[in-house]
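Biologist: Could we go through the charged pairs and the core of this structure together? Please give the cut-offs as you go.

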Amino acid sequence: MTKLIMTFHIHIDDIMRMEADYTKVTIIPFSGYVESDLFTGTIVPGAVDVQTTNTTGVRHMQAKYMFKGYDKNHKECFLYVENNGYFEKNHHPSSFEACPKFMSDNKELHQYLSQNRFKAEGCNTKDELLIKIYDVIGE
């Protein structure tokens, strides 16, 4: 059973692009927040999504960012997120799937979120990018 556990609300800043021969790199700084039963917080400065396109046209997305916030017991903590995804040649979907990895200085959050049981689904809305985090095993 798949269970939605968190939704990240992402706001894109200035996008920077570079092309060299048959490769490309896109740097996307962003900000945002999360509100959930598990964790609530805001992204600390420095969040970035780096997308590289190789000579075959396959694009790799790697977003790295950290939230500062509170766990379900209102204890202050950090939550680090690394989200990875791949896109086929010339494919720029309005929605996508990725594989998130998490770390936290909160023992309970870390024990749960460091497991290999999550997937991320992203979709653009009119005002923001929503990243929904699912527990694919569910409880």
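Biologist: Is E97 buried or exposed?
Modeller: E97 counts as exposed, with a relative accessibility of 52%. Here buried means under 20% relative accessible area, exposed over 50%, and partly exposed in between, with a 1.4 Å probe and protein chains only. This is a predicted model, in which local features need pLDDT of at least 70 and side-chain atom pairs count only at pLDDT 80 or more, while totals for chains, interfaces and linings use all residues. Residues are numbered from 1 along each chain as its sequence is written, and side-chain values use heavy atoms, leaving out hydrogens and water.

Biologist: Which residue does E97 form a salt bridge with?
Modeller: The partner is K119, and the closest N and O atoms are 3.8 Å apart. A salt bridge requires a side-chain nitrogen of Lys or Arg within 4 Å of a carboxyl oxygen of Asp or Glu.

Biologist: What is the accessible area of K119?
Modeller: K119 has a relative accessible area of 24%, which makes it partly exposed. K119 also forms a salt bridge with E121, with the closest N and O atoms 2.9 Å apart. E121 is partly exposed as well, at 25%. Through shared partners, salt bridges join E97, K119 and E121 into one network.

Biologist: How many salt bridges are found in the whole structure?
Modeller: The search finds four. One of them joins the side chains of R117 and D135, at 3.0 Å from N to O. R117 sits in the loop between α1 (107-113) and β9, and D135 in strand β10 (residues 129-135), 18 residues away. Both R117 and D135 are buried.

Biologist: Changing topic, how many residues are in the largest nonpolar core?
Modeller: That core has 29 residues, and those with the most contacts inside it include F102 and L113. A nonpolar core is a set of buried Ala, Val, Leu, Ile, Met, Phe, Trp, Tyr and Cys residues joined through side-chain atoms within 4.5 Å.

Biologist: What is L113 in contact with?
Modeller: Leaving aside neighbours within four places in sequence, L113 is in contact (heavy atoms within 4.5 Å) with I5, M6, L38, L79, F102 and F118.

Notes: Helices (H or I, at least four residues) and strands (E, at least two) are DSSP runs, numbered from the N terminus.
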